[in-house]
Amino acid sequence: MKQDFRRSMGWLHTWAGVVLGSILFAIFWMGTLSVFDCEIDLWMKPATRVAPAHTLLPLERFRSSLDEAIAAKASFWNVTFPSDRDAVFHTRYGTRKKMISRDIDPVTGRMLPDSGTLGATEFIFPFHYTLNIELMSLGEWIVGLASMAMLALCITGVIIHRKIFVDFFTFRPHANPRRMLLDLHNISGVLGLPFHIILTFSGLVILGATYFPAGVNAVYPNTRAYFFESNGLSFLSVKHGKPGAPVVSLDEAAMRARSLWGGDDPHLVLVANPGMTTSRIAFFRGSERQVVVDRDVIAFDGSTGQLISRASRLTPIMRAQRFLSGLHLIEFRQWVLRWLYFLLGLGSCVLIATGFLFWLESRRKRQGTQIGFRLVEGIAAGSITGIILATLAFFIANRLLPAGARFCGLERASLEVSAFYLVWLAACVHGWLRPRQVWIVQCAAIGLLASVAVVLNWITTGDHPLRTFFVRYLWPVGGMDALLLTGAALSFLAALYLSRRAGHREVAIRSARGEAI
Amino acid sequence: MVDCLFSFGLGLMLFVGFALLALTQFVHRRATGTAELPPRRATQVRLVAILLLVLALVIAVQNEGGGFGFLLWASLMSLTACGVALILGYRPYLLAPVARTLEKDLNRQTRL
């Protein structure tokens, strides 16, 4: 009975991993990169590489942008304040047709040139939880399914691990490749288990209203009402109003918000229905000093400046939910934890990749020529080394495309995304067509593309690694270059190791044939 | 900078805790070229190791608060345990002095 249970768990672990492994790797890879989304943005948007301001600009400096939003009949307008990870202001407004975003110099208040990229905050981070599939929120549902599978994989993995305590620290790098892969899979799985479980579970909690709407539907008339109340946005439930109403001084309203918070600064200022009689000015407090995401929103009437609402204190259940969201979203200011998340995220990627590779190595002799095996090998290559290559292509396209580039009706930002998908597809096809060489070639290609990205950053911006390490506000750029170079070195080493191993194997086969003759 | 030093100290504490736990296992003692510990001694070392891990949690929570402290401790636990496993895999002799220290104490106790 016990053996049957373990066997059935083993079956579930194997097939859930093989079927959803590609999606899980994409989610974890993009999530790991999202840990440094602002820093990647700084690398991809050279115009925003400016020194931080010592004092904040008055909000009235953005009045012309607000007037522009009113003239465009925007439904909202907002300003994001600089932080220690992002030195510039960002203004944004949305009309029915499009969203206009601008980066503002924190010292002069001048508009910075448009970088023509989605960067990490608008491509890599959304990809992490939507896979860029917006049709009927299908992407979110697939991510939810994969996350549930990940939890099942963690639990079944523990059940089928026969000697979990005996092999707790066991890693045999000099054993045969299959053994080594299993050891690596085990230590990255078991030792990183708290991270895998907590991050997967908190991800499900963040999108809980989508996956488990029954609880929300039982209490609220619709999801929108739940969203407004739980986020302190009840002031948004107003009718459109009539146009022509002025918006009161933003600085005076900001001063009142600061005094209500006891001196804390806002992270974001939102004007809803700008220019309408029902306009609202809302201030969202920054929550960088705590794990719990508690924005404490204060809203004023836009045309009279009268205080309308302040978010109520979080209930214990909501506080628990916000703690879990907070530890997943890492909006807090804790550099050590940010790096630890990054390293552990890479550990999760290693876990998924070694799972795939172990499956392939275990079946290579028996099923190596079967179409199903080759299909999985192609998908595995595409989803492991392929997505890394695609990400590097995204970075390289960012440095190579000229400003304002257009091709086949696609704008610059869309061209970068197209480069990502084309390279990803090519990596999958390559994996299917050239299974013997795929890992060697793609590892070498990763090394090459990562080095090229660093060189291109130097050529196109003049920010070479030596300069970025000596200028404080360029450290994020230097950090990204350093990580790219480290990744390149590791990839070249992996390619070298794999090609040597393939060479030894070929020599052994030839000598065996020679002996037989 | 202070944050980094604190985290480094905490990480070191957890690393020592996990190294002690690993060095009570026969396979890792063999890898470090030391003899197996008697069961009683192994239990004592494991208790000390667990105490170190718990103490690290207390210090982290006291210094960084409940939320950050717990996250820092949990993340460092995974990372330092991986560090111990990788060192035992690639360069086990680096932990040999620690493994021998456990034996030395044992020899002294036996003499007494």
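A: Helices are DSSP runs of H or I with at least four residues, and strands are DSSP runs of E with at least two, both numbered from the N terminus. The model is predicted. Under that definition, chain B contains 5 helices and 0 strands, and its pattern along the sequence reads α-α-α-α-α. The C-alpha trace of chain B spans about 45 × 35 × 20 Å along its principal axes. Of the 112 residues in chain B, 37% are buried. When contacts in chain B between residues at least 6 apart in sequence are considered, 71% of them join residues at least 24 apart.

Chain A, by contrast, has strands: 7 of them form an open, antiparallel sheet in the order β3-β2-β1-β4-β5-β6-β7. Its edge strands are β3 (99-104) and β7 (307-310), each of which pairs on one side only. Neighbouring strands are turned against each other by 15 degrees on average, with direction ignored.

The largest nonpolar core comprises 118 residues, and Phe25(A), Leu389(A), Leu392(A) and Ala393(A) have the most contacts inside it. Helix α14 (residues 371-400) of chain A gives the most to this core, namely 14 residues. Beyond its neighbours within four places in sequence, Leu392(A) is in contact with Ile446(A), Leu449(A), Ala450(A) and Ala453(A). Apart from this core lies another, of 36 residues, including Leu112(A), Val247(A), Phe284(A) and Phe300(A). In soluble globular proteins, nonpolar side chains tend to be buried together.

Technical notes:
Residues numbered from 1 in each chain as written. Chains lettered and ligands numbered in written order. Predicted model: local features only at pLDDT ≥ 70, side-chain atom pairs only at ≥ 80, totals over all residues. Pairing = 2+ DSSP bridges. Axes fitted to C-alpha atoms, helices over the stretch in contact; angles between N-to-C directions. Core = buried A, V, L, I, M, F, W, Y, C linked by C-beta atoms within 7 Å. Buried ≥ 20, exposed ≤ 12 C-beta atoms within 10 Å, placed from the backbone. Contact = placed C-beta atoms within 7 Å.
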